[in-house]
Amino acid sequence: MSQVVAIQGIKGSYHHGVAQSYFGEGVNVLECMSFGELVHSLEKKESTDAVMAIENSIAGSIIPNYAYIDEHNLTIKGEYYLPIHHCLMALPNQQIMDIKEVYSHPMALLQCKDFFRKYPHIKLVEDADTAAVAKRIADHNLHGVAAIAGKTAADIYNLQILAEEIQTIKTNSTRFFILSTKEHNGLTTEEVNKASLKFTLDHKRGSLATILNVLSDCNLNLTKIQSLPVIDVPWKYAFFVDVTFNKYEYYAKAKSLLDIMATEFKVLGEYKNKKQ
């Protein structure tokens with residue numbers, strides 16, 4: 001099977017932009033309207049790889065996506081940080097005061113809420129995808145309706161940009177995982193300098209602190225920690241962590257210790273740190 005990359009959303013979405021940047025402009029993409037659909041495309045071998053947003057610098061983690069990766073045994077083979085530049089767009093020859101409704105992904109709406117305080121006449125409506133709204137406005141000739149999406153969506157669907165950089169925090173950035181069902185990502189241990197791990201611990205005092213001390217003692221830098229409930233055990237949590245390291249042998253030592261100390265330990269991915 002030739003390479004097919006599943007994205008959440010359609011062409012012109014931020015996921016599409018990441019796929020083009022990571023795999024190349026000519027990448028063959030499979031459009032999925034939900035993260036669940038994206039995961040199933042990998043499992044059914046309709047796609048070879050996938051791009052999945054995992055956290056935003058303003059809105060925080062997309063917690064359900066951690067569960068998708070874990071429960072479906074997907075491998076994180078890479079990551080990509082994308083600066084987010086939200087634009088307000090609509091059919092040509094309209095002004096912002098002509099707009100009655102704005103549709104976009106819930107996270108995009110959250111990231112731009114301060115901008116719309118200046119326009120109380122506009123109703124904000126959650127939708128599945130940024131670019132899909134832009135396409136729908138163009139396809140159905142919807143006047144008085146606008147979308148929040150990236151500039152590429154306006155170019156693809158011939159919409160007019162009414163306002164640029166409308167996100168509240170101008171340094172807004174989203175982190176994406178590059179996913180596969182293959183266990184190995186093709187990198188050597190010399191190239192790998194970051195890993196995503198999951199572990200559960202006995203519910204006793206100091207258990208998490210002990211694990212964190214092990215990571216520190218092994219010269220690993222903890223860059224992210226996220227807890228999720230263990231569904232079938234009330235008030236028990238699994239921890240998802242990202243660590244970076246200078247030498248793979250430091251990380252290998254930490255892995256061997258965590259495998260002994262944790263009640264459950266799982267490597268979700270070993271890859272190259274892409275953060276600038």
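Which element gives the most to the lining of the largest cavity? That element is α4, with 3 residues, where helices (H or I, at least four residues) and strands (E, at least two) are DSSP runs numbered from the N terminus. The model is a predicted one, in which local features need pLDDT of at least 70 and side-chain atom pairs count only at pLDDT 80 or more, while totals for chains, interfaces and linings use all residues. Residues are numbered from 1 along each chain as its sequence is written, and side-chain values use heavy atoms, with hydrogens and water left out.

Rolling a probe the size of a water molecule over the atoms shows where empty space is left. On a 1 Å grid over the protein atoms alone, a cavity is a set of points where a 1.4 Å probe fits but cannot get out, whereas a pocket is an open set with protein on both sides within 12 Å along at least five of seven lines, and lining residues have an atom within 4 Å of a point. Grid points are joined across faces, edges and corners, and a volume is the space filled by probe spheres set on the points.

The structure holds 2 cavities of 30 Å³ or more, and the largest cavity contains about 220 Å³ of space. Its lining consists of 18 residues, with Y14, H15, H105, M107 and T130 lying nearest the centre. At least two lining residues come from each of α1 (14–23), β3 (49–56), α4 (106–111) and β11 (173–180). By class, this lining divides into 8 nonpolar, 9 polar and 1 charged residues, given that Ala, Val, Leu, Ile, Met, Phe, Trp, Tyr, Cys and Pro count as nonpolar, Asp, Glu, Lys and Arg as charged, and the others, Gly among them, as polar.

The second largest cavity has a volume of about 50 Å³, and the residues that line this cavity include Y66, I69, F177, F240 and D242. Two or more of its lining residues are given by each of α3 (63–71), β12 (194–200) and β14 (237–244), and β14 gives the most, with 3 residues. Its lining has 8 nonpolar, 1 polar and 1 charged residues.

The largest pocket holds about 290 Å³ of space, and among its 18 lining residues T75, E183, H184, V267 and G269 lie nearest the centre. Strands β5 (75–83) and β15 (264–271) each supply at least two residues of this lining, with the largest share, 5 residues, coming from β15.

The charged contacts can be followed next. A salt bridge is a side-chain nitrogen of Lys or Arg within 4 Å of a carboxyl oxygen of Asp or Glu, and by this rule the count comes to 15 salt bridges. One of them joins the side chains of R175 and E55 at 3.0 Å, N to O, and this pair links strand β11 with strand β3 across 120 residues of the chain. Both R175 and E55 are buried, where buried means under 20% relative accessible area, exposed over 50%, and partly exposed in between (1.4 Å probe, protein chains only). E55 also forms a salt bridge with K224, the closest N and O atoms being 3.2 Å apart. K224 lies in strand β13 (residues 221–229), 169 residues apart from E55, and K224 is likewise buried. E55, E79, R175, K194, K224 and D242 are linked in a network of salt bridges.

K198 forms a salt bridge with E264, with the closest N and O atoms 3.2 Å apart. K198 lies in strand β12 and E264 in strand β15, so this contact ties together parts that are 66 residues apart in sequence. K198 counts as buried at 8% relative accessibility, whereas E264, at 34%, counts as partly exposed.
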